[in-house]
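Here is my note on the model, written as numbered points for a reader who is new to structures. Please keep the sequence and the 3D view open while reading.

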Amino acid sequence: MAAHLSERQKSDLHKSILDYLHTAGFSKTCDSLRQEAPELWTVGQEMDECHPYAEEGNVAFHGFTNIQLVSWNVQILELESRLSAAQEELGSLSADGAKRTNKDWLPTDLPKRSLTGHRDKINAVSFHPHYSILASASVDATVKIWDWETGELEKTLKGHTKSVTDCDFNSDGKVLATCSHDLFIKLWNVIEDYTNFATLRGHEHSISSVRFIPGNTRLASSSRDQTVRIWDVQTSHCIKVIKAHDEWIRRANPSLDGRLLLTCSDDHTARITEIESGTMKVEMRGHDNRVESAIFVPAASIPAVRELAAQPVSAASAKVDSLAVSFVMTASRDKTIKLWDSIRGLCLWTFVGHDGWVQALAFHPSGKHMLSVGDDNTMRIWDLRTGRCTKKIEAHKPFTQCLSWGPAPVTDGKSDDVEKSVNVIATGGTDQVWLAFIVGFSC
């Protein structure tokens, strides 16, 4: 912190501390400070010989107490830190202040929101596709619904009896799905004040993840029972069981067309399976520890990834690229992130930088960056064209567990014909706080 203080600020702070030590009777500490800061020696002598306010006890400069002065100095430092972040943000704007068209906006070090409400670790966060609503799932067996724009807690969903491990809104935002270590998946009617209208039963061990398959009529869930189950949302019945791995399956993410499932497991692998037949199409093996997360690289990021891997696009690959199934990113407890050719199962690049388990991944909508969070309490931003970490943000202490990027449409009240969206990042951690980074607007 001292590195950010001006000489005047340092001098004022030192004098306030010295004055407090002198009037409080900490003579030895006061003398030590004088010796380490020679410029205060004269000030110290003046205090001993003719202290202008010594007789007033704790009264310092012009009637203010020493504690007040120190407190104000701390507040000044905090305000100057915020000002510095605001100036950094302002400096990235165009000459005409075109913040709303900056699609390359990245998060700053200071989040807009930092809220506490859960009584234990947060496992997952999920944005509503249309409104400023965010759901957070926690080990405390609850799901909390927040308004990320105002920071208010709107509702707490209670129904699970053990840790809630994941949550996901469907594409129209009418249904929220949650899963838990209590072996149940619950569906909540968002429109009817989050009424629990269905409970899905079938898994034989803790459920790790739940995701709506595009079309909203089916769900995919992964479990410690080594299976992925496909569910019919309308009937609540399990319509397919896929034995995708031989160990705990951490995640199961469907492809955009709903034909494929990408899973990752404690067996150190990620696999792609065809939902209809249950046939494994490719296995990606190369991590030295459990794979915590696996996601398809979105179409917007494929050009940058091809540049990184030196794989130029061809007529044959262009069609696969449009389906966003050409490449996969995986995050592991071996502290690395790997980029894979999902057609051949080959590792193309390893991102090294985290000092702990890497827990979750997200892609910047511009296609140029990837975000990751891990047990080293950081969120890191990676340049997909070079494979380098360009920014590190201290997010949670001690561990950062989850990450979600949620572009949501907004209106400015002036124009109805231009669709705009605000990009928001939410992270959750073991400190029971979720942070929302408001990172800019795009049209």
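1. Where is the place of Ala300? Ala300 sits in the loop between β18 (291-296) and α5, where helices (H or I, at least four residues) and strands (E, at least two) are DSSP runs, numbered from the N terminus. This is a predicted model, in which local features need pLDDT of at least 70 and side-chain atom pairs count only at pLDDT 80 or more, while totals for chains, interfaces and linings use all residues. Residues are numbered from 1 along each chain as its sequence is written, and side-chain values use heavy atoms, with hydrogens and water left out.

2. Ala300 counts as partly exposed because its relative accessibility is 44%; buried means under 20% relative accessible area, exposed over 50%, and partly exposed in between (1.4 Å probe, protein chains only). Not counting residues up to four places away in sequence, Ala300 touches Pro365, Ser366 and Gly367, a contact being heavy atoms within 4.5 Å.

3. Helix α5 (residues 302-309) is largely enclosed by the rest of the structure, because six of its eight residues are buried. These buried residues are Ile302, Ala304, Val305, Arg306, Leu308 and Ala309, and what covers them includes α6 (315-322), β19 (327-332), β20 (336-341) and β21 (346-352). Just after α5, Ala310 takes a positive phi of about 55°.

4. Strand β16 (residues 269-274) has five of its six residues buried, and it runs antiparallel to strand β15 (residues 260-265), to which five bridges join it; two strands pair if DSSP finds at least two bridges between them. Leu262 stands opposite Ile272 in β16, and in the hairpin of β15 and β16, which has three residues between the strands, His268 takes a positive phi near 75°.

5. The structure holds 15 salt bridges, each being a side-chain nitrogen of Lys or Arg within 4 Å of a carboxyl oxygen of Asp or Glu. One of them joins Arg333 to Glu292, with the closest N and O atoms 2.5 Å apart. This pair links distant parts of the chain, as Arg333 is in the loop between β19 and β20 and Glu292 is in strand β18, 41 residues apart. Both Arg333 and Glu292 are buried.
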